[in-house]
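Student: Could you walk me through reading a structure like this one? I'd like the general idea of each feature, then the case at hand.

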Amino acid sequence: MSLDFYRSARPALAMLLVSTALPVLAQSADPAATQVETRMSTVAEPIAATKPRAAQAGVAGTVDTQAAGAVAPQMTRDNGAPIGSNRNSLAAGDAGPVLLEDTTLIEKLARFDRERVPERVVHARGTGALGIFRATADISPLTKASLFTAGKETPVFVRFSTVIHPSGSPEGLRDPHGFAVKFYTDQGNWDLVGNNLPIFFIRDAIQFPDMIHSLKPSPVTNKQDPNRLFEFFSGTPEATNMLVHVYSNLGTPASYRTMDGNGVHAFKLVNAQGQTVFAKFRWISHQGVKSLNGDAANKAPFNYLTDDLYGEIAAGNFPTWDLMVQTLTADEVGKLPYNGFDDTKEWLGVPFRKIGEMTLNKVPENFFRWTEQSAFAPANLVPGIEQSPDRMLQGRLFSYSDTQRYRVGANVMDLPVNRPRVPVVNNYQDGQLDTATGKVDVNYFPSVTQQKAVDPSFAPTPYKVDAIVQTAPISKTEPFDQAGDFYRSLKPMDKADLVKNLAGDLNVVTSARTKTIMVSYFTQADKDLGMRLAKAVNVPSSDVSKAVADYQAAVDARYAGKQ
């Protein structure tokens, strides 16, 4: 069993357009081009179906032999001292013991023992590339963020990834796929940390550890188990929308280049006058949206996504994405039929506008120093882009930065991949891997002997809060409508693949209760989907009808935390 819940692809974005009152921006010529269900296709095999090129990643020296006559550099220890042997330990005679005084041996083994930093809990399997973002529209009426000046170029580093599977896993496993972009702007780093899918499983960060535990291997068997994940989702109906996306063929992309990307959350944009709107960001692939079905993904080469990305960049076929934005005023968000800050929902019917293009044109010279040590965090915002009340985003603001400091160290932002391209001025000090240089005596604020400035114009935008403080769910919780919209947008073959992918894992579930509840959720999303799935997993229609009735009778109590 391949845990098909992370082995397929999904038609990423669904129905987007309609009108809304926004500052005037150039709108894309073909608004429908941002709709994945009209753009996506399922292909028979990975785009990188052949063996990878010998010189991977376009990195000089990956397989090249040293030029004839070149002088080999002298090997040294970490302290720079040259070494005389790197093949034979210092030993007492031919049959004698190895001596502890062999400093080369001890240092070499000690460094080897420490080559791995703790693996990411999520997004462990990743591939990175460098490139350039070029703004194509002046959106100063929306935001004072300096990177959005028409024609301005900003360096970027992008890390694609799977979410659940470990670093050594095959790239064909079904999963949401991470799409994280680090902009090295002239006002600091902005991390747009998202996925190829436009929504997420849960809407409150307090559930995130539980969700990940259910998706990860059992602590008893060390195996991923659909019984665990579907039991969790049977109590989480808002995940239905994400489940139909990830179990569609969008869960197994044919290439990182043929994925769209999404910031998922709503963000607040602030202009120079202090005016605000809320926004969602989406990356639209110039290469189209191409996915594999489950059978093709199972047969895909182990590293096919990395081979494809690196090979195409090496060949000069640089992948490109348009950055699109949706915007709504606070009043418009309030008029949506769902909670506009619920990350299990898309902003359907809200038009997208193109504001920039990103091209990836270079593979890092070292995987570990860039892709593995890269530290993305939604808290890395720049002036003009602020957080929204999205409860999942609010938790990520803490969690992502915190996990990177644990994983890489307190000075994680000093590493080249994470270091801003602007001066960093603060009183943080010491900690693991501190590489600061120079004399610093005044490490406090305020001080008249060594002043540091703060500008109130960079303070967070003030906003009013008038609410009861309590642990309660959001008021608009409807979990099934958009899942049904998505299913109905699929082509007939993609609908069949979705049912097949879901049934593959649901048929492993031994709990009749869990299977019935899950089928009842998909039935409430779309009757055709529910009927086909019930047949595929042998759940009687009468049981499904009862589960639907039970859910509708108890839904208010469930969301009020009484069940």
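Student: Which residues do ring pairs link into a cluster?

Tutor: Rings of Phe, Tyr and Trp (for Trp, the six-membered ring) pair if their centres lie within 6.5 Å; planes under 30 degrees apart count as stacked, over 60 as edge-to-face, and the rest as tilted. Here ring pairs join Phe133, Phe148, Phe160, Phe179, Phe183, Trp190, Tyr256, Phe267, Phe281, Trp283 and Trp321 into a cluster. Keep in mind that this is a predicted model, where local features need pLDDT of at least 70, side-chain atom pairs count only at pLDDT 80 or more, and totals for chains, interfaces and linings use all residues. Residues are numbered from 1 along each chain as its sequence is written, and side-chain values use heavy atoms, with hydrogens and water left out.

Student: How many aromatic pairs are there in the whole structure?

Tutor: A search of the whole structure turns up 24. Take Phe157 and Trp370: their ring centres are 5.8 Å apart with planes at 45°, so that pair is tilted. Phe157 sits in strand E3 and Trp370 in helix H9 (residues 367-372), so the pair ties together parts 213 residues apart in sequence. Helices (H or I, at least four residues) and strands (E, at least two) are DSSP runs, numbered from the N terminus. Both Phe157 and Trp370 are buried. That word means under 20% relative accessible area, with exposed over 50% and partly exposed in between (1.4 Å probe, protein chains only).

Student: What about Phe232 and Phe233, how do their rings meet?

Tutor: Their centres are 5.3 Å apart and their planes at 70°, so this pair is edge-to-face. Phe232 counts as buried at 16% relative accessibility, and Phe233 is buried at 1%.

Student: Moving on to charges, how many salt bridges does the structure hold?

Tutor: Side chains of opposite charge can pair when their charged atoms come close. The cut-off is a side-chain nitrogen of Lys or Arg within 4 Å of a carboxyl oxygen of Asp or Glu. The structure holds 21 of these. In one of them, the side chains of Glu171 and Arg125 meet at 3.2 Å, N to O. That pair links distant parts of the chain, 46 residues apart: Glu171 is in the loop between strand E3 (153-162) and strand E4 (177-185), and Arg125 in the loop between helix H2 (103-113) and strand E2 (126-135). Glu171 and Arg125 are both buried.

Student: Which residues are linked in a network of salt bridges?

Tutor: Arg134, Asp322, Lys354 and Glu357. Within it, the closest N and O atoms of Glu357 and Arg134 are 3.7 Å apart. Glu357 lies in strand E11 (residues 353-362) and Arg134 in strand E2, so the pair ties together parts 223 residues apart in sequence. Glu357 is buried at 18% relative accessible area, while Arg134 is partly exposed at 32%.

Student: Last one: how many helices and strands are in the protein chain?

Tutor: There are 15 helices and twelve strands. Of the chain's 563 residues, 52% are buried.
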